[in-house]
Amino acid sequence: MSATPALAGTRAELAALLSAARASGRRVGFVPTMGALHEGHASLMRVARDEVGDGPVVVSIFVNPLQFGEGEDLDRYPRTLETDLKLCEREGVDIVFAPSVEEVYPGGEPEVTIEPGPLATVLEGRTRPGHFRGVLTVVAKLFGLVGPDVAVFGQKDYQQLALIRRMVLDLNLAVDVVGAETEREPDGLALSSRNRYLDEEQRREAVVLSRTLLAAREGAEYGVDVALDAARAELRTSTVVDLDYLEITAPDLSELPADVPAGTEARVLIAARVGSTRLIDNMPLTIGAAPAARPTQGDA
């Protein structure tokens, strides 16, 4: 049985808990979350442990109001600290940082924030203006408070991962950002804290998102257009999924050239509403090459 993780609710408590590790020179691993933890988060904790060995693994649990837009699900976002702590204990997490909004934003809504740049205007950014400003601002704050050597993020939130890597590069932050593979249910649905919003029928229908991505991956052997056509055909098998976007991009989320050479690595990304719940997913694919085997749980 793993030891119960130390719980810090303030910046001062967090600093005190981390002081011994800093004094010994051990590497610090960090997994930022908004709570409502599931097996996908657990996999990130295991990656962090592998990265830092006997160094402390810190998990933050903070529902960040700055990244929620008007009409989004800030008020109903699940807050399950007691069960979250049990999962952290099971995974051998050393410190859980669960601050209040006032602790993270002591002066109220910040006047100085992180400008995410042009990458924040596509995909998620088109329908969620201001979202990535909020994400990068809180991640920068948490990096400053935790001082991690390694921070682990899931590839399911692929655009977020790309933007955090760009922030670390552009601001010369001394953090190694690791992108961990997406964890999936046995039927292929990507694990998400928002899956709990789905009723039984919506849960059955939601798996069409991963099937759509697989169709794109299989069609990619014949080019981008065929991949998108195959994906759209699969998506049309559901009448209750409201598509936001379905796109194939370069791995850095830039546009692919008009004439894509065979063997080009790419990413297919989807966002859609199932009922009132908005879900996202993505997978890697290769243009003009035979598709890889179908992913099982753990594949991105």
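The model is predicted: local features need pLDDT of at least 70, side-chain atom pairs count only at pLDDT 80 or more, and totals for chains, interfaces and linings use all residues. Residues are numbered from 1 along each chain as its sequence is written, and side-chain values use heavy atoms, with hydrogens and water left out. The protein is divided into domain 1 (6-180) and domain 2 (195-287), with bounds that come from an automatic or database domain assignment.

**The two domains and their interface**

- The centres of domain 1 and domain 2, taken over C-alpha atoms, are separated by 27 Å.
- Domain 1 gives 19 residues to the contact and domain 2 gives 16 residues, where contact means heavy atoms within 4.5 Å.
- About 1,500 Å² is buried between domain 1 and domain 2, and carbon and sulfur atoms give 49% of this area. Buried area is the accessible area (1.4 Å probe) that two parts lose on being put together, summed over both.
- Arg 76, Leu 123 and Tyr 158 supply 41% of the area that domain 1 buries against domain 2, more than any other three residues.
- The charged end of Arg 76 also sits over the ring of Tyr 197, 3.9 Å from the ring centre. This term requires NZ of Lys or CZ of Arg within 6 Å of the ring centre and within 35 degrees of the ring normal.

**Salt bridges**

- Side chains of opposite charge can pair when their charged atoms come close. A salt bridge is a side-chain nitrogen of Lys or Arg within 4 Å of a carboxyl oxygen of Asp or Glu.
- The count comes to 19 salt bridges, and two salt bridges are found across the interface of domain 1 and domain 2.
- Glu 247 and Arg 126 meet in a salt bridge (2.4 Å, N to O). This pair links distant parts of the chain, with Glu 247 in strand β7 (residues 241-249) and Arg 126 in helix α5 (residues 124-127), 121 residues apart. Helices (H or I, at least four residues) and strands (E, at least two) are DSSP runs, numbered from the N terminus.
- Asp 170 forms a salt bridge with Arg 166, their closest N and O atoms being 3.0 Å apart. Both residues lie in helix α7 (residues 158-170), four residues apart, about one turn of the helix.
- Arg 278 forms a salt bridge with Glu 124, with the closest N and O atoms 2.7 Å apart. A network of salt bridges links Glu 72, Glu 124, Arg 128, Asp 244 and Arg 278.

**Aromatic pairs**

- Rings of Phe, Tyr and Trp (its six-membered ring) pair if their centres lie within 6.5 Å; planes under 30 degrees apart count as stacked, over 60 as edge-to-face and the rest as tilted.
- By this rule there are four aromatic pairs. In one of them, the ring centres of Phe 30 and Phe 143 are 6.4 Å apart and the planes stand at 70 degrees, so the pair is edge-to-face.
- Phe 30 lies in strand β2 (residues 29-33) and Phe 143 in helix α6 (residues 131-146), so this pair ties together parts that are 113 residues apart in sequence.
- Phe 30 is buried, with a relative accessible area of 0%. Buried means under 20% relative accessible area, exposed over 50%, and partly exposed in between (1.4 Å probe, protein chains only).
- One aromatic cluster is formed by Phe 30, Phe 143 and Phe 153.

**Leu 87**

- Leu 87 lies in helix α3 (residues 81-90) and counts as buried at 10% relative accessibility.
- Not counting residues up to four places away in sequence, Leu 87 touches Leu 37, His 38, Glu 39, Ala 42 and Met 45.
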